Amino acid sequence: MANDFLHDPDSEYVRARNRSYMEVNGRRPGVFLRTFGCQQNEADSEKLAGIALSLGYEYTDSPEEAALIIYNTCAVREHAELKALSRTGEIKHIKAKKPDLIVCLCGCMAAQEHRLNDIKNRYPYVDFLFGTGTPEKLPNYLAEQMRSGRRAFYPDTEEKPEIKEGLPVRRESSFKAWVSIMYGCNNFCTYCVVPLVRGRERSRRREEILAEIRELAAEGCREITLLGQNVNSYGRGLYDDYGFAELLEDICRIEGNYWIRFMTSHPKDASRRLIDVIAAHSRDDSRPRIVRQFHLPLQSGSDRVLKLMNRRYDTEAYLSLIGYMREKIPDIALSTDIIVGFPTETEEDFAGTLAVLEKVRCDAFFSFIYSIRKGTPAADMEQIPESVKAERFGRLLAVQNRISLEKNLAYLGRTERVLVEGISKNDPAMLTGRNEKNRLVHFAGDHSLIGSFADVEITEADTYSLTGRLIGRA
Ligand code: SAH
Ligand code: SF4
């Protein structure tokens, strides 16, 4: 049975302790989970939450109410780590009032050797810490903590931990779902900590993925996002002649009223065959199975910098791939990631990045100021001053903002199908959602639309979002 581990002695022990808690307190112990960083972390947190619930915890939105606090951390940039550490600091006063509270840090920051000592010494109220690869061990760690009361630090010892299937999941949304199709990364881009904290690449078996999607589609899920650090290399080492394109084709055969997104792609592995599959399954305007939107990180528009980054493509190959996408799927929306201020980046290199952005004219982008990551090769390269990085970042943003606005203005007067996600943060009278191209769309409408598709006529556009008028439920 897939869930055998949830009936092992450690899990039973935690459950028994939680039953006693309930007898004393009249309610189940609460688990509070905070997630930092990317979608992969969000997906991991949904599993940790699922496991905690199966151990007798109940979910709580308030750390003060919790008997177990789990912070699932990020390490991709220094800023992310500082944020996780400062939020960790806030737990001190809660633990002071509630000595029985169990505090756990996990995820990418916690998977780094040098952080172990840091946390051991500076955050004495953190009870245990573990990395990214083995969420199924949460019951063992909890049992050990409850029995001994001793602090524990569990380093990720395996480079390629086995993928545990059948873990319980507590999904945040009833109509949007993350589905991890693979874990880890083998690419070792020289700036990136991910391969160090998430281990080597490993793919889930296709039967497991398809079964999960079948279940989601049957439950009425409207958006499924396939996750992996490099989804284009799905299946490598597992199958000889079955990759991401084939997986997408199989998924498209699953009936349901949903669309598929995926991230992230790597330009060196995104194949023309994959683009052909997307083209074939996104033709029907009213029901595109795969969204006509592609996130393809460029990182830099300088071939010299791309080489130093170990990205293994050049700008020509990138532009040629984009050309093929636009030929096959003329209205495909593109987005990208750019790193500004990589070590040794010259003004000429940076001008190359601006030039490629002008050529590609992405619909959206995510830009990052280079951040030194301990243990990566780029950390030992010649760094450039922060002031230069910041100045270039500003210029980059100005160029992309102009392009994004132009792209958004082109939506005026068009009717867009939108997956309605919730109530607008800025205006409670408005609903908010995303169109197929992942543009944020605001419009006035009944709350009962949340979780379904709606057609919206676009009447206003700015750099970051569109506003429209509801035409009707789709
Ligand atoms: N596997 C994905 C996501 C990696 S992390 C991919 O390859 O795209 C997401 C983004 O963070 C990267 O695309 C990169 O642009 C950025 N990033 C990674 N390491 C960084 C660093 N040290 N400094 C600044 N940005 C970084
Ligand atoms: Fe990091 Fe590169 Fe792997 Fe993406 S592909 S996770 S940027 S090493």
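A salt bridge here is a side-chain nitrogen of Lys or Arg within 4 Å of a carboxyl oxygen of Asp or Glu. The model is predicted, and it holds 42 such bridges.

**Stop 1: a buried pair.** Select Glu212 and Arg204. Their side chains form a salt bridge, 2.8 Å from N to O. Both residues are buried.

**Stop 2: two helices linked.** Move to Arg395 and Glu347. The closest N and O atoms of this salt bridge are 2.9 Å apart. Arg395 sits in helix α14 (residues 386-409) and Glu347 in helix α13 (residues 347-360), 48 residues apart. Arg395 is partly exposed, at 29% relative accessible area. Glu347 is also partly exposed, at 38%.

**Stop 3: a network.** Select Glu81, Arg115, Asp118, Arg122 and Arg373. Salt bridges with shared partners join them into one network.

Stop 4: Show Glu58 and Arg27, whose salt bridge spans 3.2 Å, N to O. Glu58 belongs to strand β2 (residues 58-59), while Arg27 lies in the loop between α1 and β1, 31 residues apart.

Stop 5: Go to Asp8, in the segment before α1. Asp8 is buried but has no salt bridge; Arg15, the nearest side chain of opposite charge, is 6.8 Å away.

Stop 6: Colour β7, β10 and β11. They form an open parallel sheet in the order β7-β10-β11. The edges are β7 (176-180) and β11 (259-263). On average, neighbouring strands are turned by 25° against each other, direction ignored. Five bridges pair β10 (residues 223-227) with β11. Finish on helix α9 (residues 244-252), which packs on the sheet and touches β10 and β11; its direction makes about 160° with that of β11.

Notes: Residues are numbered from 1 along each chain as its sequence is written. Chains are lettered from A and ligands numbered from 1 in the order in which they are written. This is a predicted model: local features need pLDDT of at least 70, side-chain atom pairs count only at pLDDT 80 or more; totals for chains, interfaces and linings use all residues. Side-chain values use heavy atoms; hydrogens and water are left out. Helices (H or I, at least four residues) and strands (E, at least two) are DSSP runs, numbered from the N terminus. Buried means under 20% relative accessible area, exposed over 50%, partly exposed in between (1.4 Å probe, protein chains only). Lys and Arg count as positive and Asp and Glu as negative; His and the chain ends are not counted. Two strands pair if DSSP finds at least two bridges between them. Axes are lines fitted to C-alpha atoms, for helices over the stretch in contact, and angles run from 0 to 180 degrees between N-to-C directions. Contact means heavy atoms within 4.5 Å.
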